[in-house]
Amino acid sequence: MHRTILALMAFCSAAGAAHADTRFFCSADDKDVRFTVESGFEAGGGHKLNHFRGALVVKSGDIPQALKKIAVNSENLTHHWSHDGELRLEVFYDGGDDARGQGLSLVVTAGQRGKSMTAFSGTYELAIEGGVKPLAASGKVSCGSK
């Protein structure tokens with residue numbers, strides 16, 4: 001009986017590992033921006049977000065210091081989507097009083113519908129709005145999953 005219980009426990013553990021959560025990471029480094037974001041989704045129904053964080057450096061000299069180097073977390077993630085090989089993330093960061101009324105928006109779109117890959121690419125769109133000089137940038141992003 002003891003062996004049967006141990007065998008069942010081992011079987012259930014292995015079954016749980018087969019449905020592991022998925023983590024995605026994306027990054028870009030070009031003349032306008034350098035960033036990395038990491039997100040995790042549960043494998044079960046609904047693919048609920050269970051993790052998000054990132055760091056971003058805006059290379060333009062025309063923005064407030066409060067928006068030049070920022071760290072973001074799940075509180076800044078306004079929209080997220082992971083389904084059938086596609087990953088979409090939208091981040092908003094309000095720099096507060098130090099940002100002189102400006103806010104930063106970053107949208108990452110990557111993957112290809114119907115294809116599950118460990119390495120894939122996409123695009124990003126960055127916008128800093130609300131101040132005297134808005135900034136818009138876009139470019140390529142490299143992503144992976146584990």
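Trainee: What should I know about the model before we start?
Mentor: It is predicted, so local features need pLDDT of at least 70 and side-chain atom pairs count only at pLDDT 80 or more, while totals for chains, interfaces and linings use all residues. Residues are numbered from 1 along each chain as its sequence is written, and side-chain values use heavy atoms, with hydrogens and water left out.

Trainee: How many helices and strands are in the chain?
Mentor: There are 2 helices and 9 strands. Both are DSSP runs, numbered from the N terminus: helices are H or I with at least four residues, strands are E with at least two. Along the sequence the pattern reads α-β-β-β-α-β-β-β-β-β-β.

Trainee: Why is the pair of Phe24 and Phe41 called edge-to-face?
Mentor: Check the centres, then the planes. Rings of Phe, Tyr and Trp (its six-membered ring) pair if their centres lie within 6.5 Å; planes under 30 degrees apart are stacked, over 60 edge-to-face, the rest tilted. Here the centres are 6.0 Å apart and the planes stand at 65°, so the pair is edge-to-face. Phe24 is in strand β1 and Phe41 in strand β2, 17 residues apart.

Trainee: What makes Phe35 and Tyr124 an edge-to-face pair?
Mentor: Their centres are 5.5 Å apart, with 80° between the planes.

Trainee: How many aromatic pairs does the rule give?
Mentor: The count is 3. Ring pairs also link Phe24, Phe41 and Phe120 into a cluster.

Trainee: Why is Phe35 called buried?
Mentor: Buried means under 20% relative accessible area, exposed over 50%, partly exposed in between (1.4 Å probe, protein chains only). Phe35 has 3%, so it is buried. Tyr124 has 0%, so Tyr124 is buried too.

Trainee: Is Thr36 buried, partly exposed or exposed?
Mentor: Thr36 has a relative accessible area of 41%, so it is partly exposed. Thr36 lies in strand β2.

Trainee: What does Thr36 touch, beyond its neighbours within four places in sequence?
Mentor: Contact means heavy atoms within 4.5 Å. By that rule Thr36 is in contact with Cys26, Ser27, Arg53, Gly54 and Ala55. The backbone oxygen of Cys26 lies 3.5 Å from a polar atom of the Thr36 side chain.

Trainee: What makes a space a cavity, not a pocket?
Mentor: A cavity is a set of points where a 1.4 Å probe fits but cannot get out; a pocket is an open set with protein on both sides within 12 Å along at least five of seven lines. Lining residues have an atom within 4 Å of a point. The search finds 1 cavity of 30 Å³ or more. About 40 Å³ of space lies in the largest cavity. Phe35 and Thr36 are among the lining residues.

Trainee: Which classes make up the cavity lining?
Mentor: It has 9 nonpolar, 2 polar and no charged residues. Ala, Val, Leu, Ile, Met, Phe, Trp, Tyr, Cys and Pro count as nonpolar, Asp, Glu, Lys and Arg as charged, and the others, Gly among them, as polar.

Trainee: How does the lining of the largest pocket divide?
Mentor: Into 5 nonpolar, 8 polar and 5 charged residues. The pocket has a volume of about 300 Å³. A volume is the space filled by probe spheres set on the points, which are joined across faces, edges and corners. Phe24 is one of the residues nearest the pocket's centre.

Key
A polar contact is a pair of N or O atoms within 3.5 Å; within protein, one must be able to donate a hydrogen and the other to accept it, and residues adjacent in sequence count only if both atoms are side-chain atoms.
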